[in-house]
Amino acid sequence: IGEIRRYLRDNTPIRVSRSLRDIAYKALQVRDKLVSENSKEPTVGEIAKELDLPSEEVVMALDAIQEPVSLFEPIYH
Amino acid sequence: MEYNNMMELKFLSKSQNESFARTVVAAFAAQLDPTIEEIADIKTAVSEAVTNCIIHAYENKIGIITIRAFILDNKITIEVIDEGKGIEDVEKAMQPLFTTRLEEERAGMGFTVMQTFMDELEVESTPGKGTLVRMTKYIGRNR
Amino acid sequence: MEYNNMMELKFLSKSQNESFARTVVAAFAAQLDPTIEEIADIKTAVSEAVTNCIIHAYENKIGIITIRAFILDNKITIEVIDEGKGIEDVEKAMQPLFTTRLEEERAGMGFTVMQTFMDELEVESTPGKGTLVRMTKYIGRNR
Ligand SMILES: Nc1ncnc2c1ncn2[C@@H]1O[C@H](COP(=O)(O)OP(=O)(O)O)[C@@H](O)[C@H]1O
Ligand SMILES: Nc1ncnc2c1ncn2[C@@H]1O[C@H](COP(=O)(O)OP(=O)(O)O)[C@@H](O)[C@H]1O
Ligand SMILES: [Mg+2]
Ligand SMILES: [Mg+2]
């Protein structure tokens with residue numbers, strides 16, 4: 001295990017911040033896809049299922065691309 | 001309070017912890033299977049409440065902020081609690097555009113934002129002792 | 001304990017909260033700008049410690065689990081605490097393959113996993129009172 005981990009560390013020093021953004025953008029893509037398929041807003045659980053991730057992780061990832069909160073304008077509109 | 005599930009988080013009133021606190025509440029709310037929209041509403045409201053603790057309650061000194069969240073059926077209740085300076089006149093503080101910090105941008109809309117994005121809002125405060133903001137949201141209500 | 005930042009989380013020992021707890025610790029550790037690998041290590045270790053509280057300490061009754069996390073420079077220390085049944089012989093419990101629950105799969109490797117994925121591991125326990133697991137990781141150490 002140690003070898004594998006060291007190998008991964010040396011070669012892919014990918015930061016969590018970057019991977020969270022990747023997950024978030026994928027989540028938004030899946031959301032758009034589900035909206036056009038079902039013509040209704042999907043839940044986080046439905047998106048998480050498509051991505052094969054726990055809902056909590058999807059929620060955490062979405063926070064990574066959260067733009068500054070703008071008044072009275074829900075964030076992903 | 002009656003609940004199916006609950007959690008309590010304590011953290012320091014540092015501004016870097018605001019987004020952490022927001023994520024924690026959102027991750028807990030995830031078990032109600034909300035939409036991205038509903039999660040964004042909760043995060044926005046929690047951000048405002050936590051920012052108020054950092055800026056007003058502790059005035060940028062370091063204090064402890066407590067968040068409790070309770071889930072009952074499709075309802076989430078979130079309490080944001082500080083032991084800071086408290087609010088003299090809660091009713092007045094909650095009015096749109098009321099602020100004691102005129103210098104800042106977009107001032108005086110924090111409580112209005114919480115009211116807009118959540119279904120219920122209650123504020124209890126004792127000057128010199130601290131403030132409790134209790135917000136409730138029903139998930140799936142508008143679907 | 002000396003720290004630059006800290007948080008405390010309390011939650012019920014329900015298995016649905018395990019992934020919540022793991023996410024909270026990961027979100028807190030995120031401020032150290034870890035790699036995906038480092039975060040995965042931390043999540044794996046926290047999962048094992050929390051699962052032990054749920055299964056062994058409270059034996060599937062509902063109790064409270066406390067997680068404290070402290071950040072000092074590039075070091076994160078995570079404590080997972082229960083007030084459950086405790087461990088008679090900690091040294092023996094920590095040995096690879098030792099388990100008091102033979103029926104389960106992959107049994108007896110929880111503490112070994114924590115030891116492997118974290119840099120330091122300490123366990124304090126009092127039978128009848130509860131257990132504290134303290135794990136430390138240095139972020140960026142192996143880069
Ligand atoms: N946790 C708190 N502790 C002390 N005072 C508070 C707290 N939250 C809000 N206040 C008071 O209520 C006022 C209104 O708050 P808010 O609507 O968020 O607007 P703003 O934060 O922009 O001033 C603040 O200016 C402050 O005087
Ligand atoms: N929090 C705890 N409370 C009580 N007993 C524990 C706790 N954590 C671990 N143990 C004891 O230590 C043993 C070894 O734990 P672990 O290495 O995680 O393996 P496993 O959980 O598969 O049995 C457990 O079988 C249990 O007897
Ligand atoms: Mg405000
Ligand atoms: Mg175990």
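This is a chat about the two ligand sites in a predicted model.

Q: Which residues are closest to ligand 2?
A: C:Asn52, C:His56, C:Thr99, C:Thr100 and C:Gly108 are the closest of the 16 residues that surround ligand 2.

Q: What does the side chain of C:Asp82 have 2.9 Å from an N or O atom?
A: A nitrogen atom of ligand 2.

Q: And which atoms of ligand 2 do C:Asn52 and C:Thr99 sit by?
A: Oxygen atoms: a polar side-chain atom of C:Asn52 is 2.9 Å from an oxygen atom of ligand 2, and for C:Thr99 the distance from an oxygen atom of the ligand is 2.5 Å.

Q: How much of ligand 2 does the protein cover?
A: On its own ligand 2 has 530 Å² of accessible area, and the protein covers 92% of that.

Q: Which elements give two or more residues to the shell?
A: α2 (36–57) and α4 (110–117) of chain C. α2(C) gives the most, with three residues.

Q: What classes do the shell residues fall into?
A: Around ligand 2 there are seven nonpolar, eight polar and one charged.

Q: Switching to ligand 1, how many residues surround it?
A: 16, with B:Asn52, B:His56, B:Thr99, B:Thr100 and B:Gly108 the closest.

Q: Where does the backbone of B:Gly108 come in?
A: One of its backbone N or O atoms lies 2.6 Å from an oxygen atom of ligand 1. The side chain of B:Thr99 has an N or O atom 2.5 Å from an oxygen atom of ligand 1.

Q: Which element gives the most to that shell?
A: α2(B), with three residues.

Terms used:
Residues numbered from 1 in each chain as written. Chains lettered and ligands numbered in written order. Predicted model: local features only at pLDDT ≥ 70, side-chain atom pairs only at ≥ 80, totals over all residues. Heavy atoms only, no water. Near = heavy atom within 4 Å. Polar contact = N/O pair within 3.5 Å; in protein donor to acceptor, adjacent residues only side chain to side chain. Areas by Shrake-Rupley, 256 points an atom, 1.4 Å probe, with all protein chains shown as cover. Helix = DSSP H or I, 4+ residues; strand = E, 2+ residues; numbered from the N terminus. Nonpolar A, V, L, I, M, F, W, Y, C, P; charged D, E, K, R; others polar.
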